[in-house]
Amino acid sequence: MKFQGSNVLITGSSKGIGAQIAQTLASYGLKVWINYRSKPELADTLKNDIESKGGKAAVIKFDASVEEEFVAALKVILESDGTLSYLVNNAGITIDKLALRMSVTDFEDVINANLKSCFIGCREALKIMGKQRFGSVVNIASIIGERGNMGQTNYAASKGGMIAMSKSFAYEGAARNIRFNCVTPGFIKSDMTDELKPEIVEGYIKNIPLARFGEASDVAQAVAFLLSEHSSYITGEVLKVNGGLYM
Ligand code: NAP
């Protein structure tokens, strides 16, 4: 895959989908900045693994929902590399409960981790990439942000918000050659979906036309495409990676 830029920051990338995105983008020759919040050992292992395959990687700790930390991290990246070509807003959490039992704190915590962090990242990307008149941002939303789900009013609001917000950023970034797109994964094998009870998993698989949960690599390749030159005329788009569960 062809990339005009040279480096990428992936939030929440010490494990799961984010870690696979880092592996994939490094394999295409980008220097990847691996962001972790709480587990440095995972981030270091990933960095060593990427480097052992000849890739370029660096580790950076920050909480993506804290503005000062996110902005300071971007400063470190710019001081090191002189540029930020690409950003993937991947950090996310779930706190699932039926709405009747959901506290405002449960709601706010998910909005902050998923939507607020994405806003901060997109806004800062617009500033940095605006100056260089080049950049591409991919936000990892979710099928739940497109169709809602029982027990996930907070998560659905955060991911639906990311989709609408990305389109607004796409309008604001276009004149400066900065693209903003979303990927909406369906059910992907990860720690997040490992928490689901087996009977729930079975129920979901019955409704997935491709009859399986996706792999993190399915998401990572979609992200790579949306960052790359191959999608240079695509902005404000939502690319579903869900096995046909929601068309
Ligand atoms: P995961 O395995 O739980 O990984 C989530 C990552 O995000 C963790 O590394 C976590 O770091 C990090 N993170 C959370 N809050 C953060 C914050 N405030 N600042 C920095 N890092 C933070 O989840 P995943 O399944 O890979 O999910 C990745 C993304 O895909 C999420 O946005 C999720 O909503 C989305 N998604 C996943 C699925 C799925 O089926 N798995 C489907 C649709 C969408 P710590 O461990 O340090 O907290």
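Two strands pair if DSSP finds at least two bridges between them. Helices (H or I, at least four residues) and strands (E, at least two) are DSSP runs, numbered from the N terminus. This is a predicted model in which local features need pLDDT of at least 70 and side-chain atom pairs count only at pLDDT 80 or more, while totals for chains, interfaces and linings use all residues. Residues are numbered from 1 along each chain as its sequence is written, and side-chain values use heavy atoms, with hydrogens and water left out.

**View 1. Strand S5 and its pairing with S4 and S6.**
Strand S4 (residues 86-89) pairs with S5 in the parallel sense, over four bridges. In this pairing, Val-88 stands opposite Val-138 of S5. S5 is also joined to strand S6 (residues 178-185) by six bridges, and these two strands run parallel. Gly-135 has Ile-178 as its bridge partner in S6. S4, helix H4 (residues 104-132) and S5 form a right-handed β-α-β unit. Right-handed means that, with the strands pointing away from the viewer, the path from the first strand over the helix to the second runs clockwise.

**View 2. Side-chain directions and burial in S5.**
Six of the six residues of S5 (residues 135-140) are buried, so the strand is largely enclosed by the rest of the structure. Buried means under 20% relative accessible area, exposed over 50%, and partly exposed in between (1.4 Å probe, protein chains only). Gly-135, Val-137 and Asn-139 point one way from S5, and Ser-136, Val-138 and Ile-140 point the other way.

**View 3. Helix H1 and its packing.**
Helix H1 (residues 16-27) has 12 residues and reaches 17 Å from its first C-alpha to its last, close to the 16 Å expected at 1.5 Å a residue. The expected span is 1.5 Å times one less than the number of residues. Nine of the 12 residues of H1 are buried, so the helix is largely enclosed by the rest of the structure. The buried residues include Ile-17, Ile-21 and Leu-25. An α-helix has 3.6 residues a turn, so residues three or four places apart point the same way. Gly-18, Ala-19, Ala-22, Gln-23, Thr-24 and Ala-26 are also among the buried residues of H1. The buried residues of H1 pack (contact means heavy atoms within 4.5 Å) against strand S1 (7-10), strand S2 (31-36), helix H2 (40-52), S4, S5 and H9. Gly-29, which follows H1, has a positive phi near 100°.

A polar backbone atom of Ile-17 is 2.8 Å from an oxygen atom of the ligand. For Lys-159, an N or O atom in the side chain is 2.9 Å from a ligand oxygen atom. A backbone N or O atom of Gly-186 lies 3.4 Å from an oxygen atom of the ligand.

**View 4. Thr-193 in helix H7.**
Thr-193 lies in helix H7 (residues 191-194) and is buried, with a relative accessible area of 13%. Its side chain reaches the backbone nitrogen of Ser-190 at 3.0 Å. Leaving aside residues up to four places away in sequence, Thr-193 touches Phe-187, Ile-188 and Phe-213.

**View 5. Arg-123 in helix H4.**
Arg-123 lies in helix H4 and is partly exposed, with a relative accessible area of 23%. The side chains of Arg-123 and Glu-124 make a polar contact (2.9 Å). A polar contact is a pair of N or O atoms within 3.5 Å; within protein, one must be able to donate a hydrogen and the other to accept it, and residues adjacent in sequence count only if both atoms are side-chain atoms. Not counting residues up to four places away in sequence, Arg-123 touches Glu-67, Val-71 and Phe-169.

Asn-177 is not a glycine, yet has a positive phi of about 65°. The residue lies in the loop between helix H6 (153-174) and S6 and is partly exposed, at 42% relative accessible area. Ala-211, also a residue other than glycine, has a positive phi near 55°. Ala-211 lies in the loop between helix H8 (198-206) and helix H9 (216-227), and counts as partly exposed at 48% relative accessibility.
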